[in-house]
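I opened this structure to look up its sheet and its aromatic rings. My entries follow the model below.

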Amino acid sequence: MRTTILIIMALMLVWPASGNSFNRMRRAVARMHARQEQNRVGHLRETVSYLTSIGRGFPDTESLDKAAAWLTKRLERYGWTVLEQPYEVEGRVVRNLLAYYGDPVQPLTIIGAHYDTALTTPGADDNASGVAVLLEIARLMTLDGAKPPSDLCLAFYTLEEPQRRVGFQNMGSWRHAFALAEGKTEVEQMISLEMVGYFSEKPGSQQYPDPSLADQYPDRGNFLAVLADAASLEDAQEVAEWLDGATTFPIFAAPVPPGFDDWAFSDHYPFWVAGFRAMVITDTAWLRNPNYHQASDLPKTLNYDRMSELARALAELFAVTVRPE
């Protein structure tokens with residue numbers, strides 16, 4: 001944003017204030033924005049391509065370690081400090097990555113995504129898409145020498161997928177949430193990025209857990225949902241309103257339907273249990289994506305332009321709303 005403003009000011013000095021000159025300036029700014037978009041898409045594709053090439057399913061901790069090392073290297077390149085939260089499951093060490101810019105202060109705002117995948121699946125949408133957006137947020141927030149707020153934590157979680165095998169208490173997000181609760185750490189809110197890359201304009205491509213919801217929301221899978229419990233719904237509505245205004249596709253906030261326990265299977269849920277406000281941004285997973293937990297969950301199935309818009313909008317949102325240092 002800072003670079004954009006400086007370029008516009010420079011162009012105004014170079015070109016006289018005539019209609020033709022203004023049109024040339026506008027075209028120059030449009031070309032610059034297009035290049036920025038291409039850069040964002042390129043970074044997102046790189047992350048998804050790498051993560052889907054190495055596995056990342058427990059108990060293959062070698063691939064999880066590779067992913068963690070790759071993510072850490074890039075976060076540190078962008079100037080973030082990465083703290084590991086290691087723990088042992090079934091005799092194997094796994095780890096969360098918690099990225100801060102400077103010394104963390106409270107109350108924390110946490111944006112998280114799990115970097116593991118279901119065993120034997122490449123996991124492009126689930127959840128390389130969420131990780132790619134989170135990593136791109138880290139990059140965007142430090143462009144042009146900008147300093148992200150020190151009460152923002154970017155959390156890359158392990159072991160979201162095998163809860164039924166290892167138990168909820170061994171999810172990476174569960175370990176993080178309860179470590180924060182036990183340490184009496186103040187948390188403003190937590191946002192989970194869970195499958196954010198699959199979109200469809202095909203009529204009937206969007207399903208709903210409750211048939212009555214089909215009368216309230218689109219039948220095409222062309223939107224993102226921001227889902228929350230009752231305590232977090234106002235926060236979710238504010239986030240959805242910002243994102244909907246900052247992107248070219250629809251974004252809706254909605255309460256998790258009563259009794260719909262399937263949405264407990266993601267990284268926002270442990271924060272609810274620990275007493276924190278939390279929400280999940282999602283393309284609704286199996287309710288839309290036919291590749292869910294399949295070998296067909298490949299990079300080519302994702303919409304990188306929309307992922308790019310989401311990353312930019314979230315980076316801008318938290319650059320202006322999280323308390324400054």
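I worked on a predicted model, where local features need pLDDT of at least 70, side-chain atom pairs count only at pLDDT 80 or more, and totals for chains, interfaces and linings use all residues. Residues are numbered from 1 along each chain as its sequence is written, and side-chain values use heavy atoms, without hydrogens and water.

**Sheet.** I found eight strands in an open, mixed sheet, ordered β1-β2-β4-β3-β5-β8-β6-β7. Strands are DSSP runs of E, at least two residues, and helices are runs of H or I, at least four, numbered from the N terminus. Two strands pair if DSSP finds at least two bridges between them. Strands β6 (224-228) and β8 (278-282) pair antiparallel over four bridges. There, Ala-225 stands opposite Thr-282.

**Helix.** I saw α7 (233-246) packed on the sheet, touching β5, β6, β7 and β8. Contact means heavy atoms within 4.5 Å.

**Rings.** I counted 11 aromatic pairs. Rings of Phe, Tyr and Trp (its six-membered ring) pair if their centres lie within 6.5 Å; planes under 30 degrees apart are stacked, over 60 edge-to-face, the rest tilted. Phe-199 and Phe-249 are edge-to-face, at 5.4 Å and 65 degrees. Phe-199 lies in the β5-β6 loop and Phe-249 in the α7-β7 loop, so the pair ties together parts 50 residues apart in sequence. I also noted a cluster of Phe-168, Trp-174, Phe-178 and Tyr-269, linked by ring pairs.

Notes
Axes are lines fitted to C-alpha atoms, for helices over the stretch in contact, and angles run from 0 to 180 degrees between N-to-C directions.
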